[in-house]
Amino acid sequence: MSVVLPPAPATGRARPQQNPLEAGLKALASLRLTVVLLAMGCFLVFVGTIAQIDGGIWTIVRDYFRSFFVWVPFKLFAQLGQIFVGFPKDASVVGGAFPFPGGWTIGTLMLINLVAAHATRFRFQANRIGIIAIHTGLIVLMLGELMAGLFQIESRMTIGHGETVGFVEDSRVTELAIIDPADPNTNTEVTIPESMVIRLGKITHEKLPVDLEVVEWFPNAELQPLRKGMPDKDVFVSKQGVPFTLFRKGEGSGVDAASHDDAASARINIYKKGTSELIGTKVVSLWLTPNFTKRIPSFQFPPQEFTADGKTYQIELRGRRDYLPFTLRLNEFNFDRYPGTNIPKNYSSRVTLNDPRTNANRDVLIRMNEPLAYEGATYYQSGFTPDEKGTVLQATRNPGVWLPYISCVLMSLGMLVHFGQQLFAFLTRGASVDRSARASALRPSNVWIVAGAGAVLVIGGIV
């Protein structure tokens, strides 16, 4: 007779079931995820850098780094092969692309990964204050880039001597404007954003006096004096009687010292409203707007005009305008040089700020390293007109402007505390260290090396 014994009861405690939220946080805090995201970020920077061969720097920033995903063309690697391996020239016509996470996606995941790591692995202890401060600084730095990408605006304000201006123009984004100049004091205008223009095709709206059709869009164009042998398709005659021709050009990479801002241009068909009757075709370009060329006399052109229903209108492509609730009037511009040279010593603009909302009417001096901060924006002295009587102010609006500075301070203090703690622990390890080894470790050269390394990291963080 056989007897089957029951299995022995399990000894020890039963393994507690993990909370789903805690399990999810641990997965998000994985070091493997950190390494993968860092590798993806490095690859994105690599392909974004190579893409500047064909695209402008701000186009690449927008498409690769300030987007959730990007289509990376295979021809980038063919172009790289041309440079380093000697691929044939026709290799750059390779078609196709593959999707890849953009800067917003990778940055957001890195931020989540870092916050999750703090929530699961890091505990507030005195010996970890430095590490916590460093990581907090990284989080603040990421948030600062996020705010800059979403809300930062870079604009310009060009003011001639004695002129009053109440708007700024975006140097990177354009708009198409239809202007009714009937009243010289208050022009009535309808503006069309760049996002609609670059789509090409018909544009209709009840406030437009005509219907428009965008036939061609050039992200960048070049304007040169018309010479013999040049195509005379798009010719513009300046107010000085000099003919110029406009032609398509690749976007600037931003690394050429002789380059200028990209000059967007477009070919527009104008139709009688609600019909297919063609009134005319106009080529509009930033080159034809005076503020783009800083009012250089030889690049001043009469406005582009057309007539509809017996009324004359103007059409222009210009930097996107943001109208301000106040105005600046330029009273005096000074360009000081070092004696006997053309080396700039100081630019300064004396302006009158007039804000009817607060009855403010005061003189302000704007000069190098002394900007005007008003209404959440900062106005820097950045340039001047060729006659040295007008000024060009750079207007910057960024609600997160202080976040990078706060980040640098946090990371610098964190490194200082962390390396200080490590140095102190190293020097006070005495009981278990042989006296001779202690004497060797405490040699001035070793102490200075450790202290110097910490100082370099701290200074690097501040810079």
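**Exercise 1.** In this predicted model, Glu216 forms a salt bridge with Arg267. Determine how far apart the closest N and O atoms are, and which parts of the chain the pair ties together.

*Solution.* The closest N and O atoms of Glu216 and Arg267 are 2.6 Å apart. A salt bridge requires a distance within 4 Å, so the pair qualifies. Next, Glu216 lies in strand β7 and Arg267 in strand β11 (residues 265–272), so the pair ties together parts that are 51 residues apart in sequence. Finally, Arg267 counts as buried, at 12% relative accessibility, whereas Glu216 is partly exposed at 24%.

**Exercise 2.** Identify the strands that hold Asp180 and Lys311, and state how their side chains meet.

*Solution.* The two side chains meet in a salt bridge, with an N to O distance of 2.9 Å. Asp180 belongs to strand β4 (residues 164–180) and Lys311 to strand β14, so the bridge connects parts 131 residues apart in sequence. As to accessibility, Asp180 is buried, with a relative accessible area of 14%, while Lys311 is partly exposed, with 35%. Strand β14 (residues 311–337) also contains Tyr313, whose C-alpha atom is separated by 5.7 Å from that of Ile179.

Definitions and conventions: Residues are numbered from 1 along each chain as its sequence is written. This is a predicted model: local features need pLDDT of at least 70, side-chain atom pairs count only at pLDDT 80 or more; totals for chains, interfaces and linings use all residues. Side-chain values use heavy atoms; hydrogens and water are left out. Helices (H or I, at least four residues) and strands (E, at least two) are DSSP runs, numbered from the N terminus. Buried means under 20% relative accessible area, exposed over 50%, partly exposed in between (1.4 Å probe, protein chains only).
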